[in-house]
Amino acid sequence: MSRVSPSPAARRERPFGPLVLCYHAVSDSWGHELSVPPAAFERQLRLLRRWYRPVAAADLSTAGRRSLHVTFDDAFRSVSAALPTLQRLRIPATVFACSGYADDGRPLDVPELSTDAAAQPAELATMPWDTLRGLADDGLEIGSHTVSHPRLTRLDDAELRRELRESRERIADELGRECRFLAYPYGDEDQRVRAATRSAGYAAAFALPGTKSPADAWGIPRLGVWRKDHQLRLLTKVAFARPRHAGARV
Ligand SMILES: [Zn+2]
């Protein structure tokens, strides 16, 4: 992944860059906006697959705007329901896991989701190391979503460094392969966070819709896909609203 930002001219030529989708849970039974039903997930990907060429995360820096990559933040266990579709359509995907949750696979009990985590712990359960290893063996990229899912801009330099480095190293140790990519929790980042991410040894990092920072290798734009995004709405977003569509930021 290139560490060089595209020139202004290149940005004008490729105003959007590749299409990188950001999903969270894939479940029929959790009605939250972060959760897309498996059948809807399959319909969405089948549709987009007609026009977009799937690419791996490592190839995004050189991929054209008709390229497609799928990401999942938080490593919810329900993402397993998306795997058959990804395999059938041969779409590379990246799952971003918090190393501090993978030890016991407990529900993502961050303040914004604590009520849901208490009421529906199975829906918010996260993937433990064994599951993540299985995904990596199946060819999925496993990236870091930090250790504890904090708001990175609020941390002091030492804490910021720890969240970024410790998670990268732990994921690499547990999976026996490099951890090259980061997704910022809540999409909460600024230039200090981006610089620290680069120093922590990542090859690139993924933003969420609504970022005010420029799109580059440390803030790869993504289009969030939410439960309410039926086919037509998703296509409209893909055509007109990316990458700054507003939505949940977790
Ligand atoms: Zn998250």
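In which loop is Asp 74 found? In this predicted model, Asp 74 sits in the loop between strand 5 (67–73) and helix 3. Asp 74 is not a glycine, yet its phi is positive, at about 85°. The residue counts as buried because its relative accessibility is 2%, and buried means under 20%.

Arg 90 also has a positive phi, near 55°, and is a residue other than glycine. Its place is in the loop between helix 3 and strand 6. Arg 90 counts as exposed because its relative accessibility is 70%, and the cut-off for exposed is over 50%.

Confidence in the model was examined next. The mean pLDDT of the protein is 90. A value of 70 or more is reached by 90% of the residues. Residues 1–14 stay under 50. For this stretch the model has 25 contacts beyond four places in sequence.

Helix 2 covers residues 38–49. The buried residues of helix 2 are Ala 40, Phe 41, Glu 42, Gln 44, Leu 45, Leu 47 and Leu 48. An α-helix has 3.6 residues a turn, so residues three or four places apart point the same way.

Ser 27 lies in the loop between strand 2 (25–26) and strand 3 (35–36). With a relative accessible area of 5%, Ser 27 is buried. Neighbours within four places in sequence were left aside when its contacts were listed. The partners of Ser 27 are then Ser 35, Val 36, Pro 37, Pro 38, Ser 78, Glu 123 and Arg 227.

Leu 135 belongs to helix 7 (residues 129–137). Leu 135 counts as buried because its relative accessibility is 4%. Not counting residues up to four places away in sequence, Leu 135 touches Leu 83, Val 95, Met 127, Leu 140 and Ile 142. Ser 80 is 55 residues from Leu 135 along the chain. The C-alpha atoms of these two residues are separated by 8.9 Å.

Helix 3 (83–89) and strand 6 (93–97) each supply at least two residues of the pocket lining. The largest share, three residues, comes from helix 3. By class, the lining of the second largest pocket has eight nonpolar, four polar and two charged residues.

The model has two cavities of 30 Å³ or more. The second largest cavity holds about 40 Å³ of space. Its lining consists of Asp 74, Ala 75, Ala 97, Cys 98, Tyr 101, Ala 102, Leu 108, Thr 126 and Met 127. Seven of these lining residues are nonpolar, one is polar and one is charged.

Note on methods
Residues numbered from 1 in each chain as written. Predicted model: local features only at pLDDT ≥ 70, side-chain atom pairs only at ≥ 80, totals over all residues. Heavy atoms only, no water. Helix = DSSP H or I, 4+ residues; strand = E, 2+ residues; numbered from the N terminus. Expected span 1.5 Å × (residues − 1). Buried < 20%, exposed > 50% of the residue type's maximum accessible area, 1.4 Å probe, protein only. pLDDT = per-residue confidence, 0-100. Contact = heavy atoms within 4.5 Å. Nonpolar A, V, L, I, M, F, W, Y, C, P; charged D, E, K, R; others polar. 1 Å grid on protein atoms, 1.4 Å probe; cavity = no way out; pocket = protein on both sides within 12 Å on 5 of 7 lines; lining within 4 Å. Points joined across faces, edges and corners; volume = space filled by probe spheres on them.
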